[in-house]
Amino acid sequence: MLVVPPRSGLRLRPLETRRLMMHPLDATDSRDFWIAVEGSRAHLEPWLPWVPFNTDLDSSARYAEASASDWDAARACRFVIRDKMTRKFLGVIGLESFAHLHESVELGYWLRVDLCGRGLMTEAGCAVIDWTFGPVNAHRIRVAAATDNHASLGVIARLGFRFEGIARQAERCNGRWLDHAVFGLLLTDPRSTLSST
């Protein structure tokens, strides 16, 4: 069975890497979340169907509150990614679709447009994967990205996921159907040589 550590402990001692710190997303992050989404809207909308519904600070607050509830109910764990030195909000990485019986989760993430191309999401992903296969006790992590979302596919490749197939027209986003490339990583798979520390 999956184990979901309490949010309070990760607020006090967040996941850390060389450049990043990650703590559970909750209502205290609402304003930073809204500013980051609004500033990166054109970059995010082609790939993430929830972005058009994040229309104001109130909608960001509702999402942050729902994220805290999802964590407490062991449905999902979403982390805010912040710069370790400045505490600037960089994006979100999370585990979705908890299948407790099968010890399986799905990985999702997004990053502010002005911070792409610096290896930050790969760094965050390594730390979250270590945490998922460690304290969370997962056996499998699934991740998917649109077949033409080359930046996301690059992150997935660097994290060591194995290609499993194409899910045709898996998601309707920004007025078009997206085919998804689907990948998996098992606890028993050889891991990427990248380090989160």
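Let's start at Leu107: setting aside its neighbours within four places in sequence, this residue is in contact with Ile93, Gly94, Leu95, Val128, Ile141, Arg142, Val143, Leu159 and Phe161. Keep in mind as you explore that this is a predicted model.

Leu107 also leads us to the largest nonpolar core, which has 40 residues. Leu107 is among those with the most contacts inside this core, together with Met22, Phe79, Ile93, Trp131 and Phe161. Which elements give two or more residues to the core? They are strand 2 (20-24), strand 3, strand 4 (89-99), strand 5 (104-111), helix 5 (120-133), strand 6 (140-146), helix 6 (150-158) and strand 8 (176-186). Helix 5 provides the largest share, nine residues.

Now turn to the largest pocket, which holds about 970 Å³ of space. It is lined by 41 residues, and the closest to its centre are Leu48, Gly108, Tyr109, Trp110 and Ser152. Strand 5 gives the most to this lining, with six residues. Among the other elements that supply at least two residues each are helix 3 (41-44), helix 4 and helix 6. What kinds of residues make up the lining? There are 23 nonpolar, ten polar and eight charged ones.

Finally, have a look at two details of the backbone. Ala74 is not a glycine, yet it has a positive phi of about 60°; you will find Ala74 in the loop between helix 4 (57-72) and strand 3 (77-83). Gln169, in strand 7 (residues 162-173), is not a glycine either and has a positive phi of about 45°.

Conventions: Residues numbered from 1 in each chain as written. Predicted model: local features only at pLDDT ≥ 70, side-chain atom pairs only at ≥ 80, totals over all residues. Heavy atoms only, no water. Helix = DSSP H or I, 4+ residues; strand = E, 2+ residues; numbered from the N terminus. Core = buried A, V, L, I, M, F, W, Y, C linked by side-chain atoms within 4.5 Å. Buried < 20%, exposed > 50% of the residue type's maximum accessible area, 1.4 Å probe, protein only. Contact = heavy atoms within 4.5 Å. 1 Å grid on protein atoms, 1.4 Å probe; cavity = no way out; pocket = protein on both sides within 12 Å on 5 of 7 lines; lining within 4 Å. Points joined across faces, edges and corners; volume = space filled by probe spheres on them. Nonpolar A, V, L, I, M, F, W, Y, C, P; charged D, E, K, R; others polar.
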